[in-house]
Amino acid sequence: MIRYLIKRLVLAVLAMVAVSVLTFLLFFAVPTSPAYVMCGKQCTAHDIAQTEQRLGLDQPIVVQYADFMKGIVAGRTYGSGELAVHCDAPCLGFSFRTNEPVTSILARTVPATTSIVVGATVIQLVVGVGLGMVSALRRGTAFDRAAVGTSLVGASMQIYFFGPILLLLLVYQLHVLPTPGYTSPLADPGMWFEQMLLPWLTLGFLNSAIFARLSRAQMLETLAEDFVRTARAKGLSRWRVYARHALRAAITPIVTTAGLYLGAALGGAVITETVFGVNGLGRASVDAVNQLNLPVVMATVLLAAFFIIVMNVVVDMLYSVIDPRVRLG
Amino acid sequence: MTATASSAATSGVADDRPYLEVDDLRVQFKTEDGIVRAVDGISFALPRGRTLGIVGESGSGKSVTSLTVMGLHNAARTRITGSIKLDGREIVGLDDEQVRRMRGRDVAMIFQDPLSALHPYYTIGKQISEAYLVHHPGRKAEARKRAIEMLDRVGIPQPKKRADQYPHEFSGGMRQRAMIAMALVNDPSLLIADEPTTALDVTVQAQILDLLEDLQREFNSAIIMITHDLGVVSQVADEVMVMYGGHAIEFGSVEQVLRSPQHPYAWGLLQSVPSLRGNAEEDLDPIPGSPPSLINLPSGCAFHPRCAYKMVGGGPCDLEVPELLPTADAGHVVACHLPENERRRVYEEEIKLGAAQ
């Protein structure tokens, strides 16, 4: 187990390095000089050269990359003299456009995204998986048909259609909920909850549809397995057959999917955040791309990759806990 | 030990009366394509300590018969008529809960593929003790002891250690032994084995069959051995029932059915067994055609479209379903329109020499 973990962590670090190299190359792939973008249209050639120097863009690419990596570990200072800005470790870059280290942008936006995504994940696991399981056990009944119909609608719906409808109805017409946004749960838990409710319900419902379909299919497949017949042949009660034998086996692929979903969503629930105007990571990265604010783009891409890689490791570990056939090593 | 001894003593007395009596059993499923008549009027009786072999191709109704005895059919889609009596007690029409209590305790089952029939996520010991605990609630320590005892009894070395291993850590033969241990943990009076050796190596097959015979002697249980392998039948069965299209078409002692079969389908089965001593160049003689659809059985004798001897006796093979009628041999019954002396002649002159005996 320990050996496996170390092996996985080494691989994860390598993957992160690969992603960082690729994103770093973005700086050089864009047609305009980042310095030009940053300093604006009225810049003279002298200004641009100065900015480039300040950003370290006049250095060879390898040195720039080394500086960037060094910044993560030890922090770094951009420029010198009066114009110098210091960026504390872990320094993921400096957003000259907003005049702050990238990490403070992340610190501001990550909690919002995490709130949305974790809440929606809880809903999709409870409602989605629950619905799928129950409809598999009641296959062919009115309940099953209703659940399958609803989840088909949910799975084919888009957030940017469903979200604004809910927003219009619940916020602007009925006034039962405040305008969505992010308030720190530490500052005002009630407000945090009320503002998050709409994004949760929207994203949670749509993801529930996908998880209901997945878990219904998994459960039906498992119920047809020989070992479920064996469990019944032993004389176990229906409930015990379902809960101990069928569910345990059906849940494995659901855990995988849920974990990877979570990893991907933590990197930014772009559409949800945009629809509901929540300042999360997804919105920050879209803004950064629009403004060609490359340090921020790079940091958000790295962070998203980090979440996905971490969740992959977590899923693999869970897998080995659930399924004894999976030997880690 | 005392429990086994006393039950053996009482069952010894009751041996005259069959433990399992099936009378005119009919099982039908509703499907989108129509009604499947999976079992269509089957009767047999089986006392403790005896083995009945049920032989037939896939889809002949042999597995459905056993699943119905276990109450493992899908109750919502299945219609059952006729009677199944276990130790004199009618179980057709019993509610789910009553059948469940009997399952695993009075009647147990061994399945074809022990790898897929065992749960991949639980240890062998857990799965066996679970089978014991259902019928002996709350006696956890005893269940584990019993599981280890049973593993030892079915010939698994180091049973204590093996009990904590998972099915994937067992070899195929060991898995089937564990499956048998699980089935026998509650001393069932009837054991249904559905193709228990089909998924195993030939060398392991023989060991498993020997084991079943030993255990049968020890526990005095009745066994239904479902198989398409005539070799298995000849090794373990006392009586044989040949099924085709949901009907029993021949029934008798193992000698009667394997040494002097009278139904053309049974001849076909015998002829499709490869011989060890025969000519290697010679082709096997399979039964032409394929098993009939249980939704639309052929009219008359269900086998007649594939039968080389149809209408030979002038009988109404394509019109009338032949009844199971007694032959000159007591206990040997056959459902065929061919006259008996003609059947005997054909078997002696045409089949016997060619068949792999």
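This is a predicted model: local features need pLDDT of at least 70, side-chain atom pairs count only at pLDDT 80 or more; totals for chains, interfaces and linings use all residues.
Residues are numbered from 1 along each chain as its sequence is written, while chains are lettered from A and ligands numbered from 1 in the order in which they are written. Local features need pLDDT of at least 70, side-chain atom pairs count only at pLDDT 80 or more, and totals for chains, interfaces and linings use all residues; side-chain values use heavy atoms, with hydrogens and water left out.

Chain A comprises domain 1 (34–91) and domain 2 (103–322), bounds that come from an automatic or database domain assignment. Their C-alpha centres lie 39 Å apart. Chain B is likewise divided, into domain 1 (112–187) and domain 2 (262–351), and its two C-alpha centres are separated by 42 Å.

The mean pLDDT of chain A (the predictor's confidence in each residue, from 0 to 100) is 87, and 94% of the residues score at least 70. Within chain A, helix H2 (residues 34–39) has the lowest confidence, with a mean of 69, and helix H9 (residues 226–233) the highest, at 94. Helices (H or I, at least four residues) are DSSP runs numbered from the N terminus.

Over all chains, the structure holds 27 salt bridges, each a side-chain nitrogen of Lys or Arg within 4 Å of a carboxyl oxygen of Asp or Glu. One of them joins Arg8(A) to Asp316(A), with the closest N and O atoms 2.2 Å apart. Because Arg8(A) lies in helix H1 (residues 2–29) of chain A and Asp316(A) in helix H13 (residues 294–322) of chain A, this pair ties together parts that are 308 residues apart in sequence.

The contact between the chains (heavy atoms within 4.5 Å) takes 21 residues from chain A and 27 residues from chain B. About 2,300 Å² is buried between them, with carbon and sulfur atoms giving 54%; buried area is the accessible area (1.4 Å probe) that two parts lose on being put together, summed over both. In chain A, the residues that lose the most area to chain B are Arg229(A), Arg232(A) and Lys234(A), together 25% of what that side buries.

Across this interface the rule finds 4 salt bridges. Asp96(B) forms a salt bridge with Arg238(A), the closest N and O atoms being 3.2 Å apart. On the side of chain A that touches chain B, the elements giving two or more residues are H9 and helix H10 (238–266) of chain A, and H10(A) provides the largest share, 7 residues.
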